[in-house]
Amino acid sequence: MAEKFHLKVITPERVFYEGETSFVEMNTMEGEVGIYKNHIPTTMLLAPGVLLIHEDDGVKEAALHSGFVEVLQDQVSVLAEIAEWPDEIDLNRANEAKIRAERQLKSGEQTANIMKAEIALKRALTRLEVGGHK
């Protein structure tokens, strides 16, 4: 069994998760990462994606959005703009956001709007992926 480390996920509204875990997975701007205890210390920017927290009794899944992660050898701290458990996700709202973002991308509007639409689409897809597993 892998050694455990302390994981803390904080959003502006709350401490989303705090506990001991053996492995955590998330999306960063560099790609998907998995972290075990004694990982090389680093700081990374988060990208919208699924957060997987491996505990003794299974894997917890959540939607995780913009922010950053600090990795130390025995502790990982995630500061996220938004973090949501599957039962907190409104699938209808996420699907509507997905449709709006896809329309904006197809319209070929200004570059700034395209970038916002791409981020909105990634968030909506993450919510639909995580929320669909309720």
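What we are looking at is a predicted model, in which local features need pLDDT of at least 70 and side-chain atom pairs count only at pLDDT 80 or more, while totals for chains, interfaces and linings use all residues. Residues are numbered from 1 along each chain as its sequence is written, and side-chain values use heavy atoms, with hydrogens and water left out.

For residues 5-82, UniProt, in an unreviewed entry, gives the feature "domain: ATP synthase F1 complex delta/epsilon subunit N-terminal"; such annotations may be inferred rather than shown by experiment.

Now to the aromatic rings. A search of the whole structure finds three aromatic pairs, a pair being rings of Phe, Tyr and Trp (its six-membered ring) whose centres lie within 6.5 Å, with planes under 30 degrees apart counted as stacked, over 60 as edge-to-face and the rest as tilted. Phe16 and Trp85 form a stacked pair, at 4.3 Å centre to centre and 20° between the planes. This pair links distant parts of the chain, since Phe16 sits in strand S2 and Trp85 in the loop between strand S10 (83-84) and helix H1 (91-107), 69 residues apart. Both Phe16 and Trp85 are buried, that is, under 20% relative accessible area, against over 50% for exposed and in between for partly exposed (1.4 Å probe, protein chains only). Together with Tyr17, Phe16 and Trp85 form one aromatic cluster.

Methods: Helix = DSSP H or I, 4+ residues; strand = E, 2+ residues; numbered from the N terminus.
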